[in-house]
Amino acid sequence: MLDQKKTVISGIRATGKLHLGNYLGVMRNFANLSLDETKRCYFFVANLHTITTNIDPQSIRHDLREIVLDYISVGVDPERAVIFAQSSVPETSELMWILNCFTTVAELERMPHFKEKRGKLEEKEIVNSGLLTYPILMAADILGPNADLVPVGEDQHPHVELTRSLAKRFNNIFGKTFVIPDILSSEVVRVPGLDGTAKMGKSDKNTIDLSDSPDIVSQKVFKSVTDIRRKRRSDPGDPTCCNIYTMHTIMSNGDEIRYVHDNCRSAGIGCIDCKEILIQNINNILFPIQQKRFELTRQGYEFVDEILHEGGIVARNKIAPKVEEVKEKIGVPSY
Ligand code: ATP
Ligand code: MG
């Protein structure tokens with residue numbers, strides 16, 4: 001019988017500890033998706049994408065396993081979802097090469113993600129071509145397993161759009177081969193950084209990590225940037241240019257959001273009062289995840305390695321036939 005379930009795929013780079021942005025932007029959805037009988041989920045660790053910005057074998061290996069623990073801690077059921085390492089499926093890289101030849105350099109150069117990551121490099125640092133072709137590997141990650149749905153944060157949406165274009169382009173030339181994937185959006189699109197920037201990111205050291213204790217959360221939030229024009233407690237603030245307020249809109253309830261908004265504008269409360277409410281709400285989100293993680297950590301890494309091994313086999317069985325089909329179609333089969 002044909003598998004009627006929708007295929008869902010999403011990945012996270014092994015570039016450090018996961019944070020509230022990863023959780024609220026995408027991972028919170030992963031748990032529900034993995035329990036949905038109408039869907040088959042593939043969640044992977046994008047360790048090949050990691051090396052576009054970080055080449056440190058030890059930390060890549062370490063972060064990969066930690067991310068698997070995080071997947072399970074936020075509620076992904078490893079019995080139902082396939083959890084695997086990108087590097088376990090070499091056919092994906094093969095598909096990437098093929099898709100490479102269907103992509104223009106101009107398409108890649110206008111990707112906001114590329115511009116942003118390039119902009120963060122020091123002047124002397126070299127822009128490796130992996131940073132430019134990152135979205136093609138992502139397209140291969142999505143098209144290889146015939147994914148219908150891709151739950152990713154807003155920063156990744158242009159990459160899914162490119163994936164859709166590539167799939168259509170290929171299908172137009174060689175006949176229906178790829179499923180055209182859709183973005184699966186959650187309400188929270190982007191969690192801002194503690195440093196006042198628009199996005200919290202693992203590589204940006206502006207995060208609240210899922211593993212942060214209440215003390216660390218307090219320290220980080222108290223030190224974080226607010227409306228820079230509000231210098232004194234008696235100055236009225238502008239919530240629309242304050243990342244802490246944006247975080248409230250994501251993590252606090254309606255009454256709290258109205259309260260901090262109105263009292264910031266009227267200088268009824270100071271930044272410290274506003275931050276205290278947020279800290280409490282962040283800790284409430286983190287507590288159950290940390291409890292689950294504590295239980296898992298006691299089991300050691302062995303079971304993580306088992307999950308990765310099994311998941312790698314299942315993912316490869318799903319992806320390899322599609323890549324062979326593509327190779328057949330373009331006249332470069334395995335002989
Ligand atoms: P890096 O800084 O190394 O790129 P990252 O924190 O951006 O790390 P990724 O591994 O690139 O994390 O992305 C994993 C997923 O989390 C993606 O779907 C991405 O869109 C989402 N995501 C990352 N940061 C945020 C954020 N601040 N808000 C919402 N979603 C986010
Ligand atoms: Mg990123």
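A polar contact is taken here as a pair of N or O atoms within 3.5 Å; within protein, one must be able to donate a hydrogen and the other to accept it, and residues adjacent in sequence count only if both atoms are side-chain atoms. The structure is a predicted model, in which local features need pLDDT of at least 70 and side-chain atom pairs count only at pLDDT 80 or more, while totals for chains, interfaces and linings use all residues. Residues are numbered from 1 along each chain as its sequence is written, ligands are numbered from 1 in the order in which they are written, and side-chain values use heavy atoms, with hydrogens and water left out.

An N or O atom in the side chain of Ser-203 lies 2.4 Å from an oxygen atom of ligand 1. A side-chain N or O atom of Thr-15 is placed 2.7 Å from an oxygen atom of the ligand, and a backbone N or O atom of Val-191 is 2.8 Å from a ligand nitrogen atom. Taken alone, ligand 1 exposes 600 Å², of which the protein buries 98% (Shrake-Rupley method, 1.4 Å probe).

The shell around ligand 1 comprises 22 residues (a heavy atom within 4 Å), among which His-19, Asp-155, Lys-199, Lys-202 and Ser-203 come nearest. By class, six of the shell residues are nonpolar, 10 polar and six charged (Ala, Val, Leu, Ile, Met, Phe, Trp, Tyr, Cys and Pro count as nonpolar, Asp, Glu, Lys and Arg as charged, and the others, Gly among them, as polar). Helix H1 supplies the largest share of this shell, four residues (helices are DSSP runs, H or I, of at least four residues).

Terms used: Helices (H or I, at least four residues) and strands (E, at least two) are DSSP runs, numbered from the N terminus.
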